[in-house]
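Subject: Structure handover and notes

Dear colleague,

Please find below the structure that I promised to pass on to you. My notes on it follow, and I would be glad if you read them with the structure open beside you.

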Amino acid sequence: MCGIAGIFNHPEASNLAYLCLHALQHRGQESAGIVSSDGVRLHTFKAMGLVGDNIREETIEKLPGASAVGHVRYSTTGTSEIKNAQPFVINFSGGSLAIAHNGNLTNAGILRKELEASGAIFQSSMDTEVIMHLIARSSKKELIDKIMEACSRILGAYSLVFLSQDQMIVVRDPKGFRPLVLGKIGQSYIAASETCALDLIDAQFEREVEPGEFLVINAHGTRSLKPFASGATKSAQCIFEYIYFAKPDSHIFGRGVYEMRKGFGKQLAREEPVDADVVIPIPDSGVPAAIGYSEETKIPFQMGLIRSHYVGRTFIEPSPSIRHFGVKLKLNVVRDVLKGKKVVVIDDSIVRGTTCMKIVKMLREKGGAKEVHLRISSPPIKWPCFYGIDTPTRQELVAAQKNVEEIRKFIGADSLRFLSEKGLRWFKMQNPSEEFCDACFTGNYTVDLPDSPEIADYASSLQKFST
Ligand code: AMP
């Protein structure tokens, strides 16, 4: 996962890009970077770590110009090191070009081998660099045509912001896996992963970039192109953005994330009620669903766990030792809420199950809870994501290895229930034609996986078997 932002035609472009990245920090904490254009040259700053720790006033001063593109990253492909930080910049026959990418390509491995065989030298291990090689090799004349040609060869998830000396080009893949929104401040254009970035800089939300849309923004205005045959593909927006990834104050895919999460919690309450004294969330990601669960069941909502806000989203950090230590650093119990009580604990998802296990233990041993009933506001995650969410392999996904009762035992809860796959789609009643990607729950991968043929074959054989 990553967060991206682009600013075109604003005297404080780098500063605004910096603020957008701040708002998008939840989408990636490994590295942050901004590239600006002064109309003649691109200027780059990239660093490992958080936006606020690395980008300072002096940094912004060294990023002059009226347009800028920014990126926050956590690695789904490529290792966590500075050479893999974005925006990624190339100088080629067509000029200088920066790219910020959110998503994961599913044929980057194959394309990379092909490019290397014909002499390409790669600087990073990122799938994003493949796009830049394809652009540099295109024989088309205009930059937009080069970009469209490159994109016709890649598969998977890509929300992209490109910045050249004099234009910004914004792209969303035909399935629209990852969100990308457009805003304006006067005559300046803003592109960002989520609307929370627009809010911070007082930009007016204009619309979402549509799946398959290429938007060229330059001194002549804006031009929207849809080179991929319309209607040929159904969209596959990532439902996990609603469940966990996006910020609850954002609106993406046409809806408010907070309301969606609350709705998942209400649906979960309808499907899986339990006799209890108190509903508590695992903060922060479980909070809206717990409010929904409490509203629906009329069981009082309380904060039985308090989160330290001085620790990041520990799961995102790649080293397992940091992750395990992080649980203790991050959460503590409120005994007065829990002691002697039957507690319903709401979380948004179970991935490895290790965090939940520690929390359940903490609620009993430190908090004195009498019963701990775990309710998860999404179905069991059984399949890895190849479209940009950092989920582990099937071996590490607890729900791919164990059934619900086995997971309950592993975690140590008195009861464990998940939202059903049908329940997850409660909101689709409003607009049944919308399509979402739910491959992490169903194994139904809507875009081919040439780089991972074994898993694609396995998933499709299971689907055939089950229908
Ligand atoms: P665990 O109990 O170890 O399965 O951890 C589950 C927690 O990780 C949940 O509280 C989620 O909010 C969070 N989570 C789910 N998916 C991800 C992800 N892709 N990246 C980071 N955290 C996640």
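Which residues does serine 250 touch, not counting residues up to four places away in sequence? They are Glu194, Thr195, Cys196, Arg255, Gly256 and Val257, where contact means heavy atoms within 4.5 Å. Serine 250 itself lies in the loop between helix H8 (239–245) and strand E15 (251–252); helices (H or I, at least four residues) and strands (E, at least two) are DSSP runs, numbered from the N terminus. Its relative accessible area is 0%, so serine 250 is buried, a word used for under 20% relative accessible area, with exposed meaning over 50% and partly exposed in between (1.4 Å probe, protein chains only).

Before going further, please note that this is a predicted model, in which local features need pLDDT of at least 70 and side-chain atom pairs count only at pLDDT 80 or more, while totals for chains, interfaces and linings use all residues. Residues are numbered from 1 along each chain as its sequence is written, and side-chain values use heavy atoms, with hydrogens and water left out.

The antiparallel sheet

Seven strands make up an open sheet with antiparallel pairing, in the order E3-E2-E4-E1-E10-E9-E11; two strands are said to pair if DSSP finds at least two bridges between them. Strand E3 (42–48) and strand E11 (204–208) stand at the edges with a single partner strand each, so one side of each has no neighbour in the sheet. On average, and with direction ignored, neighbouring strands of this sheet are turned by 15° against each other; here axes are lines fitted to C-alpha atoms, for helices over the stretch in contact, and angles run from 0 to 180 degrees between N-to-C directions.

Within this sheet, strand E9 (residues 181–185) and strand E10 (residues 188–192) run antiparallel and are joined by five bridges, and isoleucine 185 has serine 188 in E10 as its bridge partner. The hairpin of E9 and E10 has two residues between the strands, and glycine 186 there takes a positive phi near 55°. E9 also pairs with E11 in the antiparallel sense, over four bridges, and lysine 184 stands opposite glutamine 204 in E11. E9 is mostly covered, since four of its five residues are buried.

The parallel sheet

A second topic is an open sheet of four strands, which has parallel pairing and the order E17-E20-E21-E22. Its edge strands are strand E17 (278–281) and strand E22 (415–418), each of which pairs on one side only, and the twist averages 20° from one strand to the next. Strand E20 (residues 342–347) and strand E21 (residues 371–376) run parallel and are joined by six bridges, with leucine 374 in E21 as the bridge partner of valine 345. Helix H10 (residues 287–297) packs on the sheet, where H10 touches E17, E20 and E21, and its direction makes about 165° with that of E17. Helix H13 (residues 354–365) also packs on the sheet and touches E17, E20 and E21, its direction making about 150° with that of E21.

Helix H15 (residues 404–411) has Ile407, Arg408 and Ile411 buried. These residues lie on the same side of H15, because they cover an arc of only 105° around the axis, the arc being that of the directions from the helix axis to the C-beta atoms. What covers the buried residues of H15 includes H13, E21, helix H14 (398–401) and E22.

The helix pair

In helix H4 (residues 108–117), Ala108, Leu111 and Leu115 are buried, and they lie on the same side of H4 because their arc around the axis is only 65°. Lys113 and Ala117, on the other side of H4, are exposed. The buried residues of H4 pack against helix H5 (128–137), and in the contact Ala108, Leu111, Arg112 and Leu115 in H4 meet Val130, His133, Leu134 and Arg137 in H5. The two helices, H4 and H5, pack at an angle of about 45°, with their axes 10 Å apart. H4 and H5 are therefore oblique to each other (angles under 35 degrees count as roughly parallel, over 145 as roughly antiparallel, 65 to 115 as roughly perpendicular and the rest as oblique). After H4 comes glycine 119, whose phi is positive, near 105°.

With best regards
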